[in-house]
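Please keep the sequence and the structure in view while reading.

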Amino acid sequence: MFKKILIAEDHEIRNLGVINTLTDMHIQNFEFVSYCDEAVEKLQTAVEEEYPYDLLITDLSFDADYLQQNIRSGQELIHKAREIQPELKIIVLSIENKPKIIDDLFKTHHIDGFVSKGRNDGKELRNTMKKVFGGETVIPLEILNTIRNYSFNFTDYDLTLLHLLTKGQKQTDIEKHFKENKIQPHSKSSIEKRLSELREILGAKNNIEMIVICKDMGII
């Protein structure tokens, strides 16, 4: 099992649950940090001293306070941690539930496991740690099913179209924007056709429902 663990979490009360989980697993060598910059410093120092951490458990969001921080999100921390220690095992423990964001954690940031904060997160964290230690990549089943349901890859054209819709722009306004910025295809009929295709893919009855679904997915 993991011998040296670093936990990045800025809410003390949530740390109690993690402590209980690690204690139940008879793990004694663990440290908590409340800031991503501090986590990076500890990771770097541990590598330089040739006694590196073998697991990082991190949240994704960290509240801003009076201390100026260079790294402010779990994603940035994970990226920096990979630069310092490429083989470090990383588990995200977060309340995040947007499929696109979680999918990116595995595909872009190459995390080893994800645990949703909630009623049974202690048990889930324990099981995830055991599987990750054994070399598995752990995605909760409910999240995996959601990601599979929304596995469609949106193009830059699609994302621009959706972002303009969120700003309340009508199709005539979008057509004008596309023409001015030389985005093809920019005809009104092409825009209408693509919106219809996107609504069908996402199972949305109208553009408003489609925007809500995309926001829930973390696409926009």
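## A buried isoleucine

In this predicted model, Ile 174 has a relative accessible area of 0% and is therefore buried (buried means under 20% relative accessible area, exposed over 50% and partly exposed in between, with a 1.4 Å probe and protein chains only). Ile 174 belongs to helix H8, residues 171-180. Helices (H or I, at least four residues) and strands (E, at least two) are DSSP runs, numbered from the N terminus.

Leaving aside residues up to four places away in sequence, Ile 174 touches Leu 161, Leu 164, Leu 165, Gln 169 and Ile 191; contact means heavy atoms within 4.5 Å. The C-alpha atoms of Ile 174 and Ser 187 are separated by 9.5 Å, and the two residues are 13 residues apart along the chain.

## Loop residues

Pro 185 is located in the loop between H8 and helix H9 (188-202). A cis peptide bond, with omega about -10°, joins Gln 184 to Pro 185.

His 26, in the loop between helix H1 (12-24) and strand E2 (30-33), has a positive phi near 60° although it is a residue other than glycine. With 72% relative accessibility, His 26 counts as exposed. Glu 50 is not a glycine and has a positive phi of about 60°. Glu 50 lies in the loop between helix H2 (36-48) and E3 and is exposed, at a relative accessible area of 71%.

Is Glu 96 buried or exposed? Its relative accessible area is 19%, so Glu 96 is buried. Glu 96 sits in the loop between strand E4 (89-94) and helix H4 (99-107).

## Two crossing helices

The axes of helix H7 (residues 156-166) and helix H10 (residues 207-217) come within 10 Å and cross at roughly 110°. H7 is therefore roughly perpendicular to H10 (angles under 35 degrees count as roughly parallel, over 145 as roughly antiparallel, 65 to 115 as roughly perpendicular and the rest as oblique). Leu 162, Leu 165 and Thr 166 in H7 meet residues in H10, including Met 210 and Ile 211.

## Confidence and conventions

The protein has a mean pLDDT of 89, and 95% of its residues reach 70 or more; pLDDT is the predictor's confidence in each residue, from 0 to 100. Confidence is lowest in helix H6 (residues 141-149), at a mean of 70, and highest in strand E3 (residues 55-58), at 97.

Residues are numbered from 1 along each chain as its sequence is written, and side-chain values use heavy atoms, leaving out hydrogens and water. Local features need pLDDT of at least 70, side-chain atom pairs count only at pLDDT 80 or more, and totals for chains, interfaces and linings use all residues.

Note on methods:
Axes fitted to C-alpha atoms, helices over the stretch in contact; angles between N-to-C directions.
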